[in-house]
Amino acid sequence: MDLKNDNKKITFNRDILSSTHINFLFGAGVNGNLFPQLNKFKRTEAVIKELGGNTEFGIESGIDDIDGESNRCKIKSVFIAEFKEFYKEASSKFENLSNLSLKNLMFLLKETYRLVHEAQNRNSSMKQINIYTLNYDDIVEQVLDRLGYFYNSISASNTTTKAALMNVIGYDYNMKKYIPSFMVNKLHGDIGKPIIPGREKYREMLHEEYFEIAFHMKEQLCRQNSILIVIGYSGNDKHINKILQDCLNTGLTMYWYKYSEDENLPSNLKNFNLEEQIIVVEQDDYNHPQDSTKVCYKDMMAAWEKKLDK
């Protein structure tokens with residue numbers, strides 16, 4: 001079973017966008033070519049090989065071959081150093097918005113803000129847009145800063161001080177109304193306290209500072225009238241897939257954006273209705289795929305600007 005829905009182009013329904021809790025799940029692909037995938041971390045890969053790991057099937061698989069906490073700490077140190085170098089390069093592109101993937105992410109967040117701001121039939125809790133990200137970087141936060149939007153961000157580094165802000169929604173006292181507010185939830189931590197790739201991340205997710213964020217994610221996605229828009233996620237994290245499965249069982253509707261034709265749903269999600277509960281958005285042309293972030297904001301624009309069918 002693959003992710004195809006009879007090649008039917010799926011777009012959002014305006015009624016849904018105007019009366020739901022909007023949530024995003026961002027994987028590495030949401031950054032497009034702004035930030036490299038794990039297969040570009042060559043120094044990290046080299047250290048894994050030195051320690052006896054086989055990286056033929058990727059860095060995560062190689063890390064799983066390594067025993068010993070001291071070896072994992074060595075890999076973690078190299079990984080963080082290499083990550084910071086990539087991040088410095090990516091951050092330099094914020095000055096003139098020279099990267100197309102960065103622009104697409106900015107357009108997506110602007111479009112989301114616009115529809116939440118303009119929708120009349122939303123209660124106060126629907127003014128909060130949850131972003132659950134598996135990425136360590138703060139690219140989303142930098143974009144929100146540049147746009148001037150109200151947001152909070154929580155990760156393992158700050159759960160003790162930021163946990164109380166998880167449900168905070170901005171309020172304009174002059175206009176006497178709630179304003180769109182973003183809540184950025186870093187499921188795998190940040191570069192200050194990351195969960196390193198590999199099977200150990202499932203165990204680390206049980207630590208209080210990570211578990212609290214994952215538990216809140218499940219709580220939010222299980223609310224009535226909730227949708228989750230998945231962009232750039234490979235579907236390979238079992239702990240995330242289990243949360244998604246549980247939330248789908250309570251009525252969550254999911255929009256899964258594909259980038260490549262050979263992507264498949266996680267096995268534990270394949271029994272759900274692919275026409276109603278998991279709506280898969282195909283590329284128009286898999287030989288020339290577009291940034292999934294761009295496809296998403298275009299779909300949102302089209303749905304919001306289209307007159308309601310009589």
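**Rings, sheet and helices in a predicted model**

Reader: Where does arginine 14 lie relative to tryptophan 304?
Author: Arginine 14 sits over the face of tryptophan 304, at 4.7 Å from the ring centre. A charge counts as over a ring if NZ of Lys or CZ of Arg is within 6 Å of the ring centre and within 35 degrees of the ring normal. The model is predicted, so local features need pLDDT of at least 70 and side-chain atom pairs pLDDT 80 or more, while totals for chains, interfaces and linings use all residues. Residues are numbered from 1 along each chain as its sequence is written, and side-chain values use heavy atoms, with hydrogens and water left out.

Reader: How many aromatic pairs are there?
Author: The count comes to 16 aromatic pairs. Rings of Phe, Tyr and Trp (its six-membered ring) pair if their centres lie within 6.5 Å; planes under 30 degrees apart are stacked, over 60 edge-to-face, and the rest tilted. One of them joins tyrosine 171 and tyrosine 173, edge-to-face, at 5.0 Å centre to centre and 75° between the planes.

Reader: Why is the pair of tyrosine 171 and tyrosine 178 classed as it is?
Author: Their ring centres are 4.9 Å apart and their planes stand at 70°, so this pair is edge-to-face.

Reader: Is tyrosine 173 buried or exposed?
Author: Tyrosine 173 is exposed, at 66% relative accessibility. Buried means under 20% relative accessible area, exposed over 50%, and partly exposed in between (1.4 Å probe, protein chains only). Tyrosine 171, at 33%, is partly exposed.

Reader: Which residues do ring pairs link into a cluster?
Author: The cluster contains Phe41, Phe79, Phe83, Phe86, Tyr87 and Tyr136.

Reader: Turning to the sheet, what is the strand order?
Author: Seven strands form an open sheet, ordered β3-β6-β2-β1-β7-β8-β9, with parallel pairing. Two strands pair if DSSP finds at least two bridges between them; strands (E, at least two residues) and helices (H or I, at least four) are DSSP runs numbered from the N terminus. β3 and β9 (278-281) stand at the edges with a single partner strand each, so one side of each has no neighbour in the sheet.

Reader: How many bridges join β7 and β8?
Author: Strands β7 (residues 226-231) and β8 (residues 253-257) pair over four bridges. Isoleucine 229 stands opposite tyrosine 255 in β8.

Reader: Which residues of helix α6 are buried?
Author: In α6 (residues 139-147) they are Ile139, Val140, Glu141, Val143 and Leu144. Just after α6, glycine 148 takes a positive phi of about 80°.
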